[in-house]
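I opened my notebook for a quick look through this structure. Here is what I looked up, in the order I went.

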Amino acid sequence: MSSPTPSPRLLDGIRSPADVKALAPEQLPVLAREIRDELIAVTAKNGGHIGPNLGVVELTLALHRVFTTPEDQLVFDVAHQGYVHKLLTGRGGDFFGKLRKSGGASGFLYRAESKHDAFGAGHAGTALSAALGMATARDLRGSHEHVVAVCGDAAFTCGITLEALNNVVSSTKRLIVILNDNEWSIAKNVGAIARYLNRLSTSETYNKLHHDVEAFFKSFPTGVEMNRVYMKWKRETKDFFVESSLFEKFGLRYLGPVDGHNLDALVKNLEFAKHCDVPVLIHVLTKKGKGLEAALAYPEKFHGAGPYDPVSGEHNKSAAGTPPNYQDVFGAAITRFAKQNPKVIGITGAMPSGTGLSHLAKEVPQQFFDVGIAEEHAVLFAAGLATKGFRPVCAIYSTFLQRAYDPIIHDVALQNLPVTFCMDRAGLSPNDGPTHHGLFDIAYLRGVPNITGMQPKDEDELVDMLHTALQLPGPAFIRYPRGAGTGAKLKPQPATLTVGQAELLREGSNIMIWALGPMVQEAQKIATRLAAEEGLSVGIVNARFYKPLDRTLLLGQAACLPLLVTLEDHVAAGGFGSAVLEALQEADCPTPVERIGWPDRFVEHGSSVDVLRAAYGLSTDDLVRRIKDRYRRLGAAPVEAEA
Ligand SMILES: Cc1ncc(C[n+]2csc(CCOP(=O)(O)OP(=O)(O)O)c2C)c(N)n1
């Protein structure tokens with residue numbers, strides 16, 4: 001007997017938001033189920049932001065039922081929860097199947113990826129400001145589209161969101177803000193705003209009355225007039241029972257809390273908001289990870305997960321013998337230093353596990369602070385602590401530290417305060433893409449006076465650098481890459497490094513490669529190949545410091561070499577290689593330099609670091625070829641290495 005042919009999925013028939021609108025209301029829960037299955041199937045294989053997306057399935061469906069993109073503008077904060085939006089806007093099938101891989105859908109939203117992506121993002125807290133700009137542009141142009149900002153509860157810990165909120169009513173009369181409240185940032189959301197939202201959504205007296213009266217009003221035919229009376233009641237009772245909504249004080253009409261998994265309630269509230277003549281905030285309560293047990297049980301682990309088993313929820317184990325991640329080595333080291341010195345304080349902007357500071361939080365909680373998604377505040381907070389003799393360590397990814405550039409200059413460096421910055425994800429974050437690559441920090445820090453800038457060649461040197469930084473009288477920045485270290489054995493006692501002193505690893509009489517951080521390993525491969533293939537004697541320097549540079553060693557070598565090569569995991573413009581060129585130029589040293597780094601382009605997401613390096617002519621093969629060519633063009637013959 002042949003098995004019955006499975007009925008086609010509704011999801012396969014969704015090619016654009018018009019197809020979502022064409023479904024009968026009773027088909028929507030079926031579509032929601034299929035979307036969840038698809039999200040789980042793809043992220044189990046590719047990894048990705050599964051928890052946030054499972055939480056917004058009904059919300060995104062409701063948005064596409066009520067609004068019409070691309071005319072109406074949906075602006076998602078961070079945009080990590082945009083997978084459902086992708087599936088409803090013609091980006092399903094194979095394209096979604098290759099989510100976060102080369103040639104597949106990005107893990108965030110991009111204007112270049114789809115006309116349905118009103119605004120690109122990857123960093124938190126940008127949606128409300130951008131949406132307000134769009135709403136204001138609409139008002140100035142006299143057009144009529146709707147603008148909706150979809151913000152998570154943690155977005156309201158960002159200064160920018162609050163700055164935008166402060167400007168809403170003075171800028172427009174028509175803006176819809178969705179507060180998608182799941183009580184979680186990556187870790188549990190923190191601070192007074194999180195406590196306030198919790199109070200707003202859990203006032204039992206209010207919610208009991210709310211449900212009774214909502215049922216009463218729902219017995220009338222729906223209509224804007226009835227909605228208005230209902231909302232007036234809500235506003236007044238909310239003010240009575242829960243003091244007054246913070247959002248109303250900013251001039252927005254507050255609707256909610258709404259069950260974010262009840263499509264009917266969501267659609268009704270969005271329809272109502274559409275007709276309002278004042279800005280509206282709809283407070284939507286969702287469950288991060290809804291539909292996947294492991295994600296509900298471990299929201300932090302499943303915020304952004306690597307590949308996992310969808311049944312057991314187990315993450316795929318790294319191969320036996322994989323060295324520990326830099327973040328874990330950092331976490332263990334700061335915990336050890338904090339135990340030895342009560343003045344050492346670890347600070348994170350909502351990323352305790354990603355930065356490794358969760359080790360410190362667990363073992364020395366009184367020396368750990370999670371300040372929310374508030375990088376500017378984190379740096380200023382650290383500066384304040386430093387004025388009182390503490391040794392604050394801000395653990396902030398390279399890309400997110402961009403947010404705090406002014407406090408770095410104006411508050412930390414100018415006052416020469418001893419704040420240490422540990423910048424994980426320096427280099428590529430391949431599956432995430434351009435919003436997350438840490439390729440600019442040397443360039444944005446190198447010109448700032450008073451700073452010490454360094455990058456370790458391996459995890460043991462990372463511990464030495466942290467140990468050294470904690471003794472310096474001024475600001476220090478340590479950058480290191482995402483993922484596993486090299487497997488270097490950690491010394492029992494860390495060494496104090498001499499600031500500005502590079503490490504000569506191997507002498508060379510034809511070429512010296514000055515490599516920074518993990519590029520030292522790349523230099524070793526290149527040197528071996530150049531020796532074998534061209535008979536060249538290639539030396540290697542582990543630069544350690546990009547500021548101050550080891551000028552003595554550099555100028556000494558340059559004086560007697562045909563070619564210097566610089567290697568860094570950073571944009572070539574303004575990076576470590578540029579620092580080397582400046583030093584040579586200032587000393588009137590004409591030695592040619594092959595400066596290798598990332599080109600002047602935003603690097604897209606890709607399947608792996610190796611795939612992206614190859615795409616940009618930075619694979620080991622490419623580099624060997626490039627250095628050989630440059631050496632040949634110089635007309636220099638191999639020089640016999642001294643015995
Ligand atoms: C400036 C910045 N800092 C940190 C992050 C890392 N990050 C990504 S999502 C996220 C939490 C977002 O929480 P919320 O806005 O509540 O959305 P949810 O994931 O809960 O839906 C954080 C901290 C970021 N993207 N941008």
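I was working on a predicted model, where local features need pLDDT of at least 70 and side-chain atom pairs count only at pLDDT 80 or more, while totals for chains, interfaces and linings use all residues. Residues are numbered from 1 along each chain as its sequence is written, and side-chain values use heavy atoms, with hydrogens and water left out.

I checked Cys151, which is in no disulfide; the nearest cysteine sulfur belongs to Cys158 and is 9.4 Å away. Cys151 counts as buried because its relative accessibility is 1% (buried means under 20% relative accessible area, exposed over 50%, partly exposed in between, with a 1.4 Å probe and protein chains only). Cys394 is in no disulfide either, and the nearest cysteine sulfur, in Cys422, is 9.1 Å away. I noted Cys394 as buried too, with a relative accessible area of 1%.

**The sheet.** I then traced an open sheet of seven strands, in the order β7-β6-β8-β9-β11-β10-β15, with mixed pairing. Strands here are DSSP runs of E with at least two residues, and helices are runs of H or I with at least four, both numbered from the N terminus. Two strands pair if DSSP finds at least two bridges between them.

I looked at one pair in detail: β8 (residues 391-395) and β9 (residues 420-423) run parallel and are joined by three bridges. Ala395 has Cys422 as its bridge partner in β9.

**Helices across it.** Helix α19 (residues 375-387) lies across β6 (344-348), β7, β8 and β9, at about 165° to β8. Contact means heavy atoms within 4.5 Å; axes are lines fitted to C-alpha atoms, for helices over the stretch in contact, and angles run from 0 to 180 degrees between N-to-C directions. Helix α23 (residues 459-469) lies across β8, β9, β10 (452-454) and β11 (476-479), at about 170° to β11.

**The ligand.** Last, I counted 23 residues around the ligand (a heavy atom within 4 Å), the closest being His80, Ala124, Asn182, Trp184 and Glu375. A polar side-chain atom of His80 lies 2.7 Å from a ligand oxygen atom.

Methods. A disulfide is a pair of cysteine sulfur atoms within 2.5 Å. A polar contact is a pair of N or O atoms within 3.5 Å; within protein, one must be able to donate a hydrogen and the other to accept it, and residues adjacent in sequence count only if both atoms are side-chain atoms.
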